[in-house]
Amino acid sequence: MAKTCWPYFDPDYEHLSTRINPPRVSIDNTSCDDCTLIKVDSMNKPGILLEVVQILADLDLIITKAYISSDGGWFMDVFHVTDQQGNKITDNKTMDYIEKVLGPNGYCIDRIKMWPGKRVGIHSIGDHTAVEIIGKDRPGLLSEIFGILACLQINVVAAEIWTHNRRIACVLYVKDNVTGRAVDDPKRLSAMEDQLRNILRGCCEVGNDEDEKKVARTSFSMGFTHIDRRLHQMLFADKDYETCGLTATSDQYCNPDPSSNPMVTIDRCEEKGYSVVSVLCKDRPKLLFDIVCTLTDMQYVVFHANISSNGPEALQEYFIRHMDGCTLDSEEEKERVIKCLEAAVRRRVSEGLSLELCAKDRVGLLSEVTRVLRENGLSVMRAGVTTVGEQAMNVFYVRDASGESVDMKTIEALRKEIGHTMMLNVKKSQAGPPGMAGSKAQASEAGTGWGKTSFFFGNLLEKFLT
């Protein structure tokens, strides 16, 4: 047999252009009085805008303005950012991280080890199994999901749950309560999947096979994922945008607050051959990430963008083309993009009450909490679960099952039932303070179990690292 020879390829060749033209990152705290300027110059590559925005979002930085340009093979960004309190970025650890991951050596850095964040989800607490669930939402469903896991002695150490337009999407990080490691026994995984499918299947109409296929879907993985982007992808694939936006009805699940409707328009820039997408909506946390993520996953390239806020509103303008170089010419394509962006804006909207709970982590904790919420007539619209050491710190965004605001009698009932076993902080969430694009939502206390303290995932990460 003749000997076959293959050409040799240097595994580092794909990074050659980066080494020849390394990216430049500067953090400027002197040019502006009220914010930090982060400037990024680098070779252009597919997905680079989302990568940069995702890193800033994972750090819980507030982007008040941004100027983006990636024409001609070079990528240039300027971000005006603050921390969650509206101050300049002065923390050395944060600035070093930004310079390392976006700078010349960013391509060879293991970002997961450097700064776990939401990419890991459980702050490096042993191995874990990621469980993805997408289905039709209904009252009490989340309580049933956590109840099944508790019965199987499977502990949820981190999770993100979103609901939109009667759909629910979950990414759960779980571990075996006995071994403290990933659930890798095929029989246990099969039992978990069967039971989860059964309760999801119970949401669909009897005899409707198509509805059943759409409703009951779970998957498992042993790796890492960026939770927020994955939730967008799951709901997008599930077509949660189909009955919202341009065809919005009075359905509270589709649009609980008509005043929060985003206005999305698409025009054409004849001179440069771009489609111009403009989004005007209430300002809120991580708005820039959600829109860029959706455009990227829909295979659109952002060549230029201007991001700004005016009072409580944010205005974002994107000059885009499809990856094949085409603009949005058909009305059908424009309508689909508009609906998808409206859905992306709404998925993270959380107006109403947020319940922040802190307790010692244990199997069944989430099952108990969500059962109490269900029994008190509350619907969970969005939730975040994290574990630091032995402490479970969870945030539930809730409203009355009928869509009305939660009354104080219900809050007091919650305190009596769970206040003796965990710390409870109740806040009223709003769209966000004026002039803070993607800012931390304004909060006014409706009562608190431990003074004026509060926790957010960025703060939790900082505490974990220090």
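Author: Start with helix H10, which is mostly covered: 9 of its 11 residues are buried. Buried means under 20% relative accessible area, exposed over 50%, and partly exposed in between, with a 1.4 Å probe and protein chains only. The model is predicted, so to speak of local features takes a pLDDT of at least 70 and side-chain atom pairs count only at 80 or more, while totals for chains, interfaces and linings use all residues. Numbering starts from 1 along each chain as its sequence is written, and side-chain values use heavy atoms, with hydrogens and water left out.

The buried set in H10 consists of Leu287, Leu288, Phe289, Asp290, Ile291, Val292, Cys293, Thr294 and Leu295. After the helix comes Gln299, with a positive phi near 70 degrees. Helices (H or I, at least four residues) and strands (E, at least two) are DSSP runs, numbered from the N terminus.

What does H10 pack on? First, the sheet. It is open and has 8 strands, ordered E1-E2-E4-E3-E11-E12-E10-E9, with antiparallel pairing. Strands E1 (24-28) and E9 (263-269) are at the edges; each has a single partner strand, so one side of each lacks a neighbour in the sheet. From one strand to the next, the twist averages 20 degrees. Two strands pair if DSSP finds at least two bridges between them. E3 (residues 62-69) and E11 (residues 300-310) have 4 bridges, in the antiparallel sense. Ala66 has Ile307 of E11 as its bridge partner.

Two helices lie on this sheet. H2 (residues 48-58) lies across E2 (36-43), E3, E4 (74-82) and E11, at about 20 degrees to E4. H10 (residues 287-297) touches E3, E4, E10 (274-282), E11 and E12 (313-322), and its direction makes about 20 degrees with that of E12. Contact means heavy atoms within 4.5 Å. Axes are lines fitted to C-alpha atoms, for helices over the stretch in contact, and angles run from 0 to 180 degrees between N-to-C directions.

Now the cores. A nonpolar core is a set of buried Ala, Val, Leu, Ile, Met, Phe, Trp, Tyr and Cys residues joined through side-chain atoms within 4.5 Å. The largest one has 55 residues, and Phe79, Ile98 and Tyr318 touch the most other members. H2 gives the largest share of this core, 8 residues. Leaving out residues up to four places away in sequence, Ile98 touches Val25, Ile27, Ile38, Leu56, Leu59, Leu61 and Gly103. A second core, separate and of 45 residues, includes Leu353, Ile411, Met422 and Leu424.

The axes of H12 (residues 365-375) and H13 (residues 408-418) are 10 Å apart, at an angle of about 145 degrees. On the H12 side, Arg371, Val372, Leu373 and Glu375 make the contact; on the H13 side, Leu414, Glu417 and Ile418 do.

Finally, the chain as a whole. It has 14 helices and 17 strands. Of its 466 residues, 52% are buried. Among contacts with a separation of 6 or more, 72% join residues 24 or more positions apart.
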